[in-house]
Amino acid sequence: MRAMGAGDNSRGVRSIPEAFPNRICGVLRTENAEVGFQACLTALEAGIGTIEITKTVPSCFELVKGLIATTGNRYPIGVGTVWDPGAVKEAKAAGASFVVTPVLLPEIGQACREHDILCVLGALTPTEIYQARLAGAALVKVFPIAPVGGPRYVEALNGPMGGVPLWVSGGVPIEDIGTYLQLGVKAVGLTGALFPADALAQNNMEVIRQNAARAAQAAASVPAT
């Protein structure tokens, strides 16, 4: 399979299972793009199914292109921390499979429809989650999940909002992956738990490899619904 180049994302919108094949997404935040690139490759090789490159990473769109080319387009790569609609077009041109916002931004939902790319909008309260779906979110990222109760918060949401496809992110430990997936969460975002700041600073790929393997094993232990 050849890698996507600029403007070559002809498949258009991916489904949630396509974009998050093992329901785990590594979320990269770093100031060192070179180390970040190696960290992402390490995580993918060790079992992480999907990577999100945040826009705070230097040359983030080049990093997306590089990961797609290096891996032969085997893995979905997305762009996160997107605030402006213009970034949606750039993400699409880079070959990204999805776009993620930290908060509810209806204009990003509109841009995702225009550029035919899977949309993940950030939200926290039940009202925001509902509005995110109305704004075009295929998946709603509940962020930050840890400070508001973690799995207990998702359990509470499942009563009135059980049909809404959720991604959880923000302080998620690897130990909670299984619990979230049992609650029906469609994707779990791992930032510091997968890419610890000290491991990135020390270029310690072995720690990242071990974290990725543990996360993948935790996800595999819960059958997809």
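Analyst: The structure holds four salt bridges, where a salt bridge is a side-chain nitrogen of Lys or Arg within 4 Å of a carboxyl oxygen of Asp or Glu. The model is predicted, so local features need pLDDT of at least 70 and side-chain atom pairs count only at pLDDT 80 or more, while totals for chains, interfaces and linings use all residues. Residues are numbered from 1 along each chain as its sequence is written, and side-chain values use heavy atoms, with hydrogens and water left out.

One of the salt bridges joins Lys 55 and Asp 84, with 3.8 Å between the closest N and O atoms. Lys 55 is in the loop between E2 and H3 and Asp 84 in the loop between E3 and H4, so this contact ties together parts 29 residues apart in sequence. Helices (H or I, at least four residues) and strands (E, at least two) are DSSP runs, numbered from the N terminus. Lys 55 is partly exposed at 31% relative accessible area, and Asp 84 is partly exposed at 33%; buried means under 20% relative accessible area, exposed over 50%, and partly exposed in between (1.4 Å probe, protein chains only).

E2 (residues 50-54) and E3 run parallel and are joined by four bridges; two strands pair if DSSP finds at least two bridges between them. Glu 52 stands opposite Gly 78 in E3. From E2 the chain passes through helix H3 (residues 60-70) to E3 in a right-handed β-α-β crossover. Right-handed means that, with the strands pointing away from the viewer, the path from the first strand over the helix to the second runs clockwise.

Together with helix H4 (residues 85-94), E3 and E4 make a right-handed β-α-β unit.

Three aromatic pairs are found in the whole structure; rings of Phe, Tyr and Trp (its six-membered ring) pair if their centres lie within 6.5 Å, and planes under 30 degrees apart count as stacked, over 60 as edge-to-face and the rest as tilted. Phe 20 and Phe 98 form a tilted pair, 4.9 Å centre to centre with 50° between the planes. Phe 20 lies in the loop between helix H1 (16-19) and strand E1 (24-28) and Phe 98 in strand E4 (residues 98-100), so the pair ties together parts 78 residues apart in sequence. Phe 20 also forms an edge-to-face pair with Trp 167, at 5.2 Å and 80°. Here the link spans 147 residues, Trp 167 being in strand E7 (residues 166-168). Phe 20 and Trp 167 are both buried, and Phe 20, Phe 98 and Trp 167 form one aromatic cluster.

Arg 214 is in helix H10 (residues 205-220) and Glu 175 in the loop between E7 and helix H8 (177-182), so parts 39 residues apart in sequence are tied together. Arg 214 is partly exposed at 39%, whereas Glu 175 is exposed at 57%.
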